[in-house]
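The sequence and the model come first, and the notes follow by topic.

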Amino acid sequence: MEKLALFGGTPVREGGFAPWPQYDEREKEYLLKALESRRWGGYPYPSPLSLEFGRRFAEYHGAKYCLPAANGTVTLEIALHAAGLKAGDEVIVPAITFAATAAAAVRQNGVPVFVDIEERNYCMDPDAFEAAITPKTKAVIPVHLGASIADMDRIMEIAKKHNLIVIEDCAHAHGAQWKGQGVGSIGDLGSFSFQSSKLMTSGEGGCITTNDDILRQKVMSLINCGRKGPGYDGYEGQLFTGNYRLSELQIAVLMGQMDRLDEVTKARAEMHDYFKKVLHSEVKGLTVLETDPRTTRKSAYQTIMKYNSEAFAGVHRDRFLEALEKEGVELDGEFYTPLYHEPIMNALSDEYPALRDRYGEGILFNKDISCPVAEKMSYEQGIWMHYSYLSGTKKDVEDIVAAIAKVQRLASDLR
Ligand SMILES: Cc1ncc(COP(=O)(O)O)c(C=O)c1O
């Protein structure tokens, strides 16, 4: 008789999935060339590889400029700084994202304001964004989450009406395109991460995109200790900052990935679609989020699914995930929790006084915030699968679905 691995049955899958991150000869060649050049650092900035990589990355995303920096956290801070955020200014962010999106506002002495997400794509809800605008609002940071793009039509329209700066957090969305326009080139600034889980990675790293000449000059200076170097002098005054340069060795690794970005982006989107097709034909009650038809190029970083416990004998998502893990497929439930509950958002007003008016002693002390869609997604519905699960063969994809289908068949044993 069929038995769940959780109760001693045979797991559907043994031996894991494809290794991550992936690389080939191209990374090795660029890396060796950078090593032999003896130019390993990022100074003087922009360094030769950062210029070359920046030009290619910008072009692929339809942006005028791209500037590499140390990681995708400081790129958000620098973007806000370049945008002119002042102490106490409010920055609207979605409740569901990595902490850095909101932490960047705090660390620039601003105040993050959390808003709910849409049911259909789990990205910032434009109506919630508009409702949260106050006279203190300076900027909004939509996050392109998982494999989705936030509704940039509505977000841009609202931002324009209220004269707000738009910073796209594209940490999940390398290569994605909305109505033919690359992410990171739609708002005033785009922020990308090259941290090790990301679709392009140098272990750590990030970059900022923009179409604006003055913002570009400010960003260059903010990455490079505030220096006003040659060609940097289009803005007033000196900017106070630190060193956030990315090394040439890291950019060399990214150059290999830049060479195949187009090819892998297409292949990833196909595997994402294949998984969705097989899952939806074999399993009811677990659905992959729909791709917005305005997406003209999909970037499949995380496949996000919506779990309906009624189709699983009433079993809670986390119990389902526990059983699935024993079948050899380890997916995430609380990948992100609403940031106003998230322990690493422990920003205190004693350290960041601009927070006090809205949050009392600190962000986690305010018990009045409620984003119902975000909470339901985080605690009951959302299931996240990193792209690495889909980066192997179609047989891997079929095994994942077989494991899910098995747990569904035997779900009543989990009650
Ligand atoms: C949505 C989002 N924003 C920002 C970041 C921060 O990037 P990094 O880890 O490179 O600092 C990440 C990734 O970790 C992220 O997922």
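**Helix H6**

In helix H6 (residues 152–161), the buried residues are Met152, Ile155 and Ala159. Their arc around the axis is only 65°, which puts them on the same side of H6. This is a predicted model, in which local features need pLDDT of at least 70 and side-chain atom pairs count only at pLDDT 80 or more, while totals for chains, interfaces and linings use all residues. Residues are numbered from 1 along each chain as its sequence is written.

- A residue is called buried if 20 or more other C-beta atoms lie within 10 Å of its own, exposed if 12 or fewer do, and partly exposed in between, with C-beta atoms placed from the backbone.
- Helices (H or I, at least four residues) and strands (E, at least two) are DSSP runs, numbered from the N terminus.
- The arc is that of the directions from the helix axis to the C-beta atoms.
- On the face of H6 turned away from its buried side are the exposed residues Glu157, Lys160 and Lys161.
- The buried residues of H6 pack against helix H5 (126–131) and the strands E4 (137–140), E5 (165–169) and E6 (177–178); contact requires C-beta atoms, placed from the backbone, within 7 Å.
- Asn163, which follows H6, has a positive phi, near 60°.

**Helix H2**

- The 14 residues of helix H2 (residues 48–61) should span 20 Å at 1.5 Å a residue, and the end C-alpha atoms are 20 Å apart, which agrees; the expected span is 1.5 Å times one less than the number of residues.
- Leu49, Ser50, Phe53, Gly54, Phe57, Ala58 and His61 are buried in H2.
- These residues cover an arc of only 150° around the axis, which puts them on the same side of H2.
- They pack against helix H1 (25–37), E1, E7, E9 and helix H8 (248–259).
- Pro48 belongs to H2 and counts as partly exposed because it has 13 C-beta neighbours inside 10 Å.
- Just after H2, Gly62 has a positive phi of about 70°.

**Strands**

- Strand E1 (residues 65–69) is largely enclosed by the rest of the structure, because five of its five residues are buried.
- From E1, Tyr65, Leu67 and Ala69 point one way, while Cys66 and Pro68 point the other way.
- In a regular strand the side chains alternate between the two faces of the sheet.
- Five bridges pair E1 with strand E9 (residues 206–210) in the antiparallel sense; strands pair if DSSP finds at least two bridges between them.
- Thr209 in E9 is the bridge partner of Cys66.
- Three strands form an open sheet in the order E7-E6-E11, with antiparallel pairing.
- Its edge strands, E7 (181–182) and E11 (295–297), each pair on one side only.
- E6 and E11 are joined by two bridges, and Trp178 stands opposite Thr295 in E11.

**Glu90**

- Glu90 lies in strand E2 (residues 90–94) and is buried, with 23 other C-beta atoms within 10 Å.
- Glu90 and Gly110 are 20 residues apart along the chain, and their C-alpha atoms are separated by 5.8 Å.
- Beyond its neighbours within four places in sequence, Glu90 has contacts that include Gly110, Val111 and Thr134.

**Ligand**

- The ligand is surrounded by 14 residues, of which the closest are Gly72, Thr73, Phe98, Ala171 and Ser193; a residue counts as near if its C-beta atom, placed from the backbone, lies within 6 Å.
- This shell holds four nonpolar residues, nine polar and one charged.
- Ala, Val, Leu, Ile, Met, Phe, Trp, Tyr, Cys and Pro count as nonpolar, Asp, Glu, Lys and Arg as charged, and the others, Gly among them, as polar.

Key: Contact = placed C-beta atoms within 7 Å.
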